[in-house]
Amino acid sequence: MDSIGWNTTLLTGTSQPGVMFSPSSHADETSISFCGYPSTTHFVKDLKLKLVGVVDAGQKLPHSEMDYLVCSTFPEYVEGITTGSIQLANMMKNLAWYWGMPAQTCRHFDTPQNKTAVLQGVFDATKQLKERMDLTLDELARLKEEHMSTQAEKISGIVRSPVVNRYQLRATTVQRPQVSNGWKVDNSRSPFVPKITVKPNAVRSLEDSLRWHRQDGTTAPHPYQVELDMFVPEAKRLVASPPLPAKPSDQTHFVYVDTPDEFRAALNSLMSASEIAVDLEHHSYRTYLGITCLLQISSRTADYVFDTIALRDHMSELNVIFTNSAVLKVFHGGNMDIQWLQRDFGIYVVNMFDTGQASRALQLPKFSLAFLMQQYLGKIVDKTHQTSDWRLRPLPDDMLNYARSDTHDLLFLHDCVRNDLIKKDPSLQLLKTVYAQSKEICLQRYEKQTLDVNDFAFIMWKFAKNFSEQQKYALKKILEWRDDVARDLDESIGYVLPTKACIDLAEELPRTSDDLVKCLEFVPLVVKQKIHQVLSLLKDARAFQGVVPVPVSEFTPAQADTEAQDAIQRKVPQPVTGAEFVSRFLDVVPPVVQVAQLSWSSSESNVGQNTARNYYADIWESYLSVQSKENEEKETGPAFVAVADKPNLHVSVPKDLPLVDAGTAKTKKPQSDGAEREHAVYSRCSED
Ligand code: AMP
Ligand code: MN
Ligand code: ZN
């Protein structure tokens, strides 16, 4: 933290704020130093790295409803979050003071336990900072423009047009491929129609497959349902053998494929492979349904990166390989990939092995590809490009290398996890389970996203509990409006109007465009263009007299179960006490968004607590019932839990898993028949 010159006392909030940027003691006297760095470039570079650290740490905080609820049953977690919040509030106050914010903004941070106030402070401060930034940028643009006009005048006597709005600039830096290529985009509410027109490796004909149980509702049948149902992993996949490491990238044949001729050549060479690794890169901001931008394939000897924007209409030919049950396709976390392949190219997958599912079956501490790379190859992966704009062309070298590296070692990693799965369960059941789960992923049928009533319900529950009927009505209408507009313009809902802005508008119900502009942190272009529509629906909302029904946002038991299993396997409560997050947070310029997140989370703790215990008890019940059947002899550690309403049942669980205190975990849970019964109570027994 000191390396960028932050004044430590300022950030820890213990004394009067002082000088923020101290001149570097190391810097060469003749060089211009910036915050202790040789140049602004160095500063920005380091700052970016640290921001990645913060985001990474932030992601370790529970971010699903379920994770959060589970976590908040742990006193260590709640305590960590509380201390963290206070520390952050102090820090924010001092920064606000230092930046010369109005007293009101600074005061918001005086009561860290009042999360709404803190949040308000964060938003105020952000708004004020942004205004200053805007002024500075305007000034900069003016100076640049002045300079360029002078140059242009000097050359041709032509005076250039006025400065382009920087939001437009930001929003139009990359050409939208759906527009420049004239793709037909169907954002309507009608169900997705499978794109497939030719069915290689067919057992049942394409026509019959698509007719097959057509009466099953609105989702089209899976064209490879029968073939997937029949699939069993080949015998040669179920034996351990020494993992085959990939050659280093610089000694591996690499092909970038972006013309039809190159595509045919690549397809030809890939036809001889009996196993390939596959990954996709995707863009979702400037489109409603999403766009697959790259497809990476690695064989044992070569890496291919397909430009799926240029080759969109050719990609389906890969079905020859992708649906061939004699060719193994290795994915890592292929859940979305399978859907994207169907949606954009009509590609289906038969014979898939998902190393993400394998990580779960092996109960590894993390399920990410980065973790596998580190575990089996000792490679530390730089994830900076995971969220880059993959539509960029020509693709910068570092992005290309990143994409390539996502599949380069994946076949080797498959070999490793396969061996470990066999080692862990020589009866091969575990390995076969991974194949079965991977098959389930392939059996998914892509469906277009819908504006679910639950979205409204969830946003209400999470952010807008105390809304009046008018505000609720406004929120509902705004969410519908942005969904309509996003479909129409083929933009994401987040691009049209971020959720936070929807809530702000519904809360403040501004009357005029001026008020609307003041109410939002920034006004998205689309809102500017359609401001009368927005004002008109807000007007309707102010006049609304009825009651808005809010559906209850609920997890289905199945969802809760998988999420809980994941949470348990990740041992959520341990890494997320907030301490690591706070310590990394202090390392950088305060990214206010994270504080906001933290505050939201903490403000839920009272509500969350009881619900969480209910969920928690439920989860444990199902978890334990499975474990008790399957796990009697497993070496899971010396800890035991006793189940209160089954006093004779003792089940072993992973030993470092903290459990809820028996005394406080008692909850009454309504049963499906309406009755209440004392719920199971679990506690950790003595270790022996
Ligand atoms: P990957 O499988 O990690 O290569 O990710 C595939 C695509 O998923 C990326 O191109 C992104 O569009 C999206 N994605 C992956 N991770 C993230 C993330 N942390 N945040 C947002 N998008 C992500
Ligand atoms: Mn992927
Ligand atoms: Zn990838």
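Me: Starting with ligand 1, how far is a polar side-chain atom of W390 from an oxygen atom of the ligand?
Reply: In this predicted model, a polar side-chain atom of W390 lies 3.4 Å from an oxygen atom of ligand 1.

Me: What about E281 and D406, how far are they from an oxygen atom of ligand 1?
Reply: For E281, a polar side-chain atom lies 2.6 Å from an oxygen atom of ligand 1, while for D406 an N or O atom of the side chain is 3.0 Å from an oxygen atom of the ligand. Taken alone, ligand 1 exposes 480 Å², and the protein buries 65% of that.

Me: Which residues are around ligand 1?
Reply: They are Q59, D279, L280, E281, H282, W340, Q386, T387, W390 and D406. By class, that shell divides into three nonpolar, four polar and three charged residues.

Me: And which element gives the most to that shell?
Reply: Strand 2 does, contributing four residues to the shell around ligand 1.

Me: OK, strand 2 then. Is it enclosed or open, and why?
Reply: Strand 2 covers residues 275-283, and nine of its nine residues are buried, so the strand is largely enclosed by the rest of the structure. E275, A277, D279, E281 and H283 point one way from the strand, whereas I276, V278, L280 and H282 point the other way, and all of these are buried.

Me: Which strands is strand 2 joined to by bridges?
Reply: Strand 2 is joined to strand 5 (residues 328-331) by three bridges, with the two running parallel, and to strand 3 (residues 291-298) by seven bridges, with that pair running antiparallel.

Me: Changing topic, how many salt bridges does the structure hold?
Reply: There are 25 salt bridges in the structure.

Me: Which side chain meets E275 in a salt bridge?
Reply: The side chain of R237 does, with an N to O distance of 2.5 Å. This pair links distant parts of the chain, since R237 sits in the loop between helix 10 (225-230) and strand 1 (253-257) and E275 in strand 2, 38 residues apart. R237 and E275 are both buried, and the two also belong to a network of salt bridges that links E234, R237, E275, R300 and D415.

Me: What does R286 meet in a salt bridge?
Reply: The side chain of R286 meets that of E491, at 2.6 Å from N to O.

Me: Last one, what is the salt-bridge partner of R404?
Reply: R404 forms a salt bridge with D303, the closest N and O atoms being 2.7 Å apart. R404 lies in helix 16 (residues 397-408) and D303 in strand 4 (residues 302-307), 101 residues apart, and the pair therefore links distant parts of the chain. R404 is buried, with a relative accessible area of 9%, and D303 is buried as well, with a relative accessible area of 1%.

Key:
Residues numbered from 1 in each chain as written. Chains lettered and ligands numbered in written order. Predicted model: local features only at pLDDT ≥ 70, side-chain atom pairs only at ≥ 80, totals over all residues. Heavy atoms only, no water. Buried < 20%, exposed > 50% of the residue type's maximum accessible area, 1.4 Å probe, protein only. Pairing = 2+ DSSP bridges. Near = heavy atom within 4 Å. Polar contact = N/O pair within 3.5 Å; in protein donor to acceptor, adjacent residues only side chain to side chain. Areas by Shrake-Rupley, 256 points an atom, 1.4 Å probe, with all protein chains shown as cover. Nonpolar A, V, L, I, M, F, W, Y, C, P; charged D, E, K, R; others polar. Salt bridge = Lys/Arg side-chain N within 4 Å of Asp/Glu carboxyl O.
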